[in-house]
Structures are given as structure tokens and as C-alpha cells.
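Have the coordinates open as you read.

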2 protein chains.
Amino acid sequence: MSEAARTLQRLLGGAPVGLVGLGLIGGSIGLDLKALGVPTRAWVRREAMARRARERGLVDQVCCEPGVLKSCGLVLLCLPMDQLVSPSPALLEALPPQAVISDVGSVKGAIAAAWRLLDHRFVPGHPLAGSTAAGVEAGQAGMFAGRPWVLTPYGNSDVAAPTLVEALALALGAEPLRCEAAAHDRAVALISHLPVLVSVALLHTASGEQDPVIAALAHRLASSGFADTSRVGGGNPVLGVQMATHNRKAVLQGLAAYRSSLEQLEAAVREADWPGLQRELACSAAARPHFL
Amino acid sequence: MSEAARTLQRLLGGAPVGLVGLGLIGGSIGLDLKALGVPTRAWVRREAMARRARERGLVDQVCCEPGVLKSCGLVLLCLPMDQLVSPSPALLEALPPQAVISDVGSVKGAIAAAWRLLDHRFVPGHPLAGSTAAGVEAGQAGMFAGRPWVLTPYGNSDVAAPTLVEALALALGAEPLRCEAAAHDRAVALISHLPVLVSVALLHTASGEQDPVIAALAHRLASSGFADTSRVGGGNPVLGVQMATHNRKAVLQGLAAYRSSLEQLEAAVREADWPGLQRELACSAAARPHFL
């Protein structure tokens with residue numbers, strides 16, 4: 001057992017980690033904790049999912065009754081955004097009073113606002129790892145290694161709560177960091193939500209070509225550049241709408257800034273200002289390595 | 001020797017293929033032709049490049065004198081766009097009178113317009129293959145396999161000329177197709193040049209964030225989605241400017257259509273029209289596979 005896993009075990013005092021939901025994120029956390037020897041419990045909605053989770057060995061115990069969580073010292077809500085922003089009474093009742101609660105939702109302001117009223121043991125969290133896979137088959141070992149895991153604690157009454165979630169992140173090989181929920185949401189609007197809309201608009205433009213000869217050529221000639229630039233625009237539409245719904249203000253700010261950047265490029269092309277365009281392109285090329 | 005290579009040899013009547021330039025495209029063509037046993041000659045500008053090309057075995061003969069091309073039956077101009085749009089007198093003089101001439105430039109209208117006046121044996125061409133590498137070290141074997149190779153012949157006096165270039169493309173495993181230069185340029189504006197500007201504007205927006213806390217978070221949290229969407233925007237600024245310079249009209253058309261797609265998405269987010277946004281996202285997700 002690693003030093004980080006021993007620290008987590010010590011802070012938990014032997015209590016298990018509970019997971020609500022065993023999709024991509026919940027399943028991946030379960031697999032890693034099991035490999036570390038940290039006891040795990042999971043509450044899922046459907047019996048078929050519980051059965052498959054048992055077959056895959058995602059956690060030590062999984063069932064469709066919330067009682068499975070009762071001895072947990074830390075419970076992670078690995079649920080879709082909608083269920084995190086408007087937690088059901090059943091979910092709130094299921095959370096054991098001694099446990100620290102955290103989540104993995106990709107927008108933090110809306111979740112923090114909902115939970116601040118509800119529970120002082122709640123620490124909003126966001127592990128930045130994933131794939132396009134979803135469901136009980138999606139969880140994979142080692143998904144968080146080297147990835148950021150953001151926490152946006154809000155003056156919790158229990159100051160030890162964020163430390164426990166950080167210990168979990170460290171045990172999974174992630175790199176925990178703390179920031180304000182609003183700062184997180186503006187940053188992910190720029191690097192995650194804006195790219196989706198930028199990419200959707202590109203697909204929309206290319207597929208909206210009215211001339212059938214040019215449309216057919218565009219399909220035939222598209223290569224890796226188009227595939228990469230359009231990848232996130234081809235993702236799950238429901239997830240795309242959720243991020244826009246719950247991060248609307250920051251997404252609109254990002255879109256406004258983007259529109260003005262694009263207009264500047266368009267002006268350079270229209271006015272044949274090639275030195276100006278080259279400066280913009282050189283500036284972008286120089287900026288990119290800072291994001292990798 | 002493959003059937004396609006035998007056809008090329010027969011059409012060439014044993015004459016070598018000449019390459020002007022041995023960068024990424026020229027070097028890759030040379031390597032493949034050598035492997036097929038088709039004789040090759042190359043004219044390059046600098047002695048250091050000729051020496052390195054000999055060391056790498058890119059072609060059978062390479063030198064800095066244009067006389068090396070004199071026995072060629074087909075000469076491919078593997079030069080930057082600027083040199084193709086405004087060919088130097090030295091280049092025009094170097095082309096042997098019996099040879100069919102083609103090029104590999106990524107915009108065809110401007111090149112066709114220049115060469116139409118100059119040479120009736122000229123067939124504008126564009127192999128859609130490549131990498132970000134450049135120079136004499138960049139050429140690689142098999143780069144054209146399965147990739148489109150567009151020809152945009154304009155009522156050539158020599159009707160056999162496009163057939164010879166097609167035979168070369170087929171011998172390299174590429175898939176030749178013919179279309180109008182204007183149609184090619186509008187299609188590549190949509191699937192190649194527009195993505196560059198879309199991606200540059202994204203980098204510009206994310207790196208232009210004024211709040212230092214959010215800027216630092218954006219750098220830290222960016223992951224594969226941002227990396228993919230911004231990849232082509234981080235490319236060679238000189239190439240980006242060349243495509244905009246030589247395909248300005250089609251690029252501006254693409255930008256106008258893109259701006260309107262983006263405004264539609266922005267309106268949906270601003271008006272919280274989530275069903276409308278979901279329709280747009282679903283539509284883009286359904287369109288993407290046609291481009292892959």
C-alpha cells in the first residue's frame with residue numbers, strides 16, 4: 001500500500017469509501033480503491049447495474065439499497081450534473097451523518113449553491129479525467145493518475161473535510177488543488193465548454209454546405225485536422241447541454257471573447273493584412289504549449 | 001512491382017520522374033517511387049539539402065543544377081505555395097519540354113490561374129496527406145496510401161497529362177479524383193483552412209484571459225479536448241497565412257457561415273433554449289462520421 005493510501009486509510013479510521021453511481025467516474029474510483037485495499041461500498045439504482053458491477057469487481061459491496069452506505073466515512077456522488085444540482089430527498093436521506101460528502105460534477109458553482117444550504121460536510125470536487133465511455137462498463141483502472149482533481153470548499157464547518165477528499169485524490173495518483181467555484185467554472189468554460197461549442201459550429205458549417213459537389217468533396221477530403229478540431233463537437237449532446245445549462249454565464253462570457261477573437265482574424269483576412277494575421281497565428285502557436 | 005507501378009512505368013516509357021523540392025511531400029514521393037523501382041531525379045536549391053537527400057536515399061539522383069531534370073517524363077513541383085503561384089523564370093526554364101508538370105500545392109485556383117498562361121502541360125494537383133514535419137528530414141514512406149490526391153485539370157491541350165499524374169498517384173497507393181479548382185478550394189476552406197482559424201481564435205481566447213487566477217487554472221486544467229481542438233491552430237504561422245492569402249475568398253465565405261452557426265449556438269445559450277441547443281448538438285454529432 002502506498003504512503004498516500006495509508007494516509008487515506010488513517011484519516012478514514014478504517015471506514016469504507018462510499019460511491020453513489022458506478023459509471024465512468026464511480027467505477028474507475030472503485031477499481032483503484034479496491035486495488036489499493038481501501039474498503040468500498042456502492043449504491044446504484046438498478047439491480048442489473050449492481051450485478052454487472054459485482055461481475056467486474058468494481059467495489060467490495062454494491063446494492064440498490066442506500067443502507068449499504070451507512071458505515072462510510074466518505075461518500076462520493078458520481079452522478080450526472082442534474083442530480084447533483086437538484087439532489088433528490090432519497091439521496092439526501094441516504095447520506096450517513098458521520099460521512100464527508102463530495103461529488104465529481106464538472107461545474108461547481110451551481111452544485112456548491114445547492115449543497116451549501118443542505119449539508120456542511122459537503123466538499124464540491126471535480127476530477128479532470130475521463131473518456132467518452134459511459135455506464136457500468138466504462139470504469140477503468142488508473143484513470144486519475146497525474147490528472148488535476150479540483151476542490152472548491154466553501155467555509156465548511158468541518159475543516160478536515162477537504163483534507164479527506166484530497167487524501168483520496170492523492171491515493172488515486174491525482175493532483176488535488178483548491179480554488180473558488182466561480183474561478184473553476186470560468187476556467188473550464190474556456191478550456192472545456194467553449195471548445196465544444198466552437199467544434200459544434202465547425203461541424204454545423206461544414207455539414208451545412210448547400211452545393212452538393214462541394215459537400216461531397218468536403219466529406220471526401222477531410223483529414224486528421226478536421227477530425228481533431230471537430231472531435232469534442234461530436235460528443236454526447238446531453239452532456240453538452242448540461243454544461244451550458246449549469247455554466248451558462250461563464251460560457252456566454254467565453255463565447256463573447258471568442259467572437260471578438262474570430263472577428264479580428266476575419267478582419268485581417270478581409271483586409272489582406274497578412275503581417276497582422278501572421279502575428280495572430282504566431283501568438284496562438286506560442287500560447288498552445290502552456291495548455292499541454 | 002505493383003500493377004499500378006507498372007502502368008506508371010509504361011506511360012513514362014522508362015523516363016524518370018522529376019521532383020523540384022525534397023521537403024515533406026517531395027521526399028515522401030521520392031522514397032515511395034524508389035521503393036517501387038521507378039527512376040527519380042530531384043532538383044533542390046541548396047547543396048546541404050542535396051547531400052542529406054543522398055544520405056537518406058530519397059531519390060536516385062539529386063543536385064542543385066536544373067539539368068538533372070532534362071530526361072524526365074513527369075516533373076512534380078513540391079514547393080511552397082508562393083513559389084507555385086509566382087514561378088521564377090529559372091523554374092520555368094528548368095522544366096523539360098517533353099515532361100508533364102504537376103504540383104502539390106494546397107490551393108488550386110491561384111496556381112491554375114498562374115500556370116494556365118504559362119504551360120499547357122501543367123496539371124494542378126493536391127495530395128491530401130502530410131504531417132507537421134518539414135524539410136529534408138520530413139519525407140516518409142507510405143504517406144499517401146489511402147489518401148485522396150486531387151487533380152484540377154483545365155482543358156489541357158495534352159489530354160494524356162492528367163492520366164499520367166493519376167497513374168503516379170495510384171502507384172503511391174493514393175486515390176486520385178478530379179474536380180474544378182474552385183470546388184476544391186471551397187471544400188478545403190471548410191475542412192482545412194476554417195479549422196485553423198477556428199482553432200487559432202480558441203487559443204487566442206483562452207490565452208487572452210485577463211484574470212491571472214483563471215488564466216493559471218485554465219493552463220492547469222486543459223486536457224485532451226482542448227489539445228485536440230487547438231492542435232491545428234498551433235501550427236506553422238507561415239503556412240496558415242499562405243492558405244488565407246491564396247484562398248481568401250473561400251476562407252471568407254467559410255468564416256461568414258461559421259460566424260452565423262456560432263451566433264445560433266450563442267443565442268440558444270443566452271435564451272436558455274436547451275431543447276434547441278440539444279438539437280444543434282445532436283445534429284453535429286450525427287454529421288461528424290461523414291467526415292471521418
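This is a predicted model: local features need pLDDT of at least 70, side-chain atom pairs count only at pLDDT 80 or more; totals for chains, interfaces and linings use all residues.

## Ground rules

Residues are numbered from 1 along each chain as its sequence is written, chains are lettered from A and ligands numbered from 1 in the order in which they are written, and side-chain values use heavy atoms, with hydrogens and water left out.

## Stacked rings

Over all chains, the structure holds 6 aromatic pairs. To pair, rings of Phe, Tyr and Trp (its six-membered ring) need centres within 6.5 Å; planes under 30 degrees apart count as stacked, over 60 as edge-to-face and the rest as tilted. One of the pairs is A:W115 with A:F122, which is stacked because the ring centres sit 4.3 Å apart and the planes make 15 degrees. A:W115 is buried at 0% relative accessible area, and A:F122 is buried too, at 0%. Here buried means under 20% relative accessible area, exposed over 50%, and partly exposed in between (1.4 Å probe, protein chains only).

Chain B has its own version: B:W115 and B:F122 have centres 4.4 Å apart and planes at 15 degrees, so they stack. B:W115 comes out buried at 0%, and B:F122 is buried with 0% as well.

## Helices crossing between chains

Helix α8 (residues 181-207) of chain A packs on helix α12 (residues 248-270) of chain B at about 130 degrees, their axes 9 Å apart. Helices (H or I, at least four residues) are DSSP runs, numbered from the N terminus. Axes are lines fitted to C-alpha atoms, for helices over the stretch in contact, with angles running from 0 to 180 degrees between N-to-C directions. That makes α8(A) and α12(B) oblique to each other: under 35 degrees would be roughly parallel, over 145 roughly antiparallel, 65 to 115 roughly perpendicular, and the rest is oblique. The crossing is right-handed, meaning that the near helix is turned clockwise from the far one by less than a right angle.

On the α8(A) side, the residues involved include A:L197, A:A201 and A:T205, and they face a group in α12(B) that includes B:A257, B:S261 and B:L265. Contact means heavy atoms within 4.5 Å. By class, this contact has 10 nonpolar, 5 polar and no charged residues. Ala, Val, Leu, Ile, Met, Phe, Trp, Tyr, Cys and Pro count as nonpolar, Asp, Glu, Lys and Arg as charged, and the others, Gly among them, as polar.

## Helix α11

In chain A, helix α11 (residues 237-246) is largely enclosed by the rest of the structure, because 7 of its 10 residues are buried. Among the buried ones are A:V241, A:Q242 and A:M243. The cover over them includes α4 (81-85), α6 (109-116), α8 and α12 (248-270) of chain A, together with α12 and α13 (274-287) of chain B.

Over in chain B, B:Q242 lies in α11 (residues 237-246) and is buried at 11%. Leaving aside neighbours within four places in sequence, B:Q242 is in contact with B:P80, B:M81 and B:D82.

## Positive phi in a loop

Which residue other than glycine has a positive phi near 50 degrees? A:A272 does, in the loop between α12 and α13 (274-287) of chain A, and A:A272 is partly exposed at 32%.

B:A272 also has a positive phi, about 50 degrees. B:A272 sits in the loop between α12 and α13 of chain B and is partly exposed at 33%.

Methods:
Helices (H or I, at least four residues) and strands (E, at least two) are DSSP runs, numbered from the N terminus.
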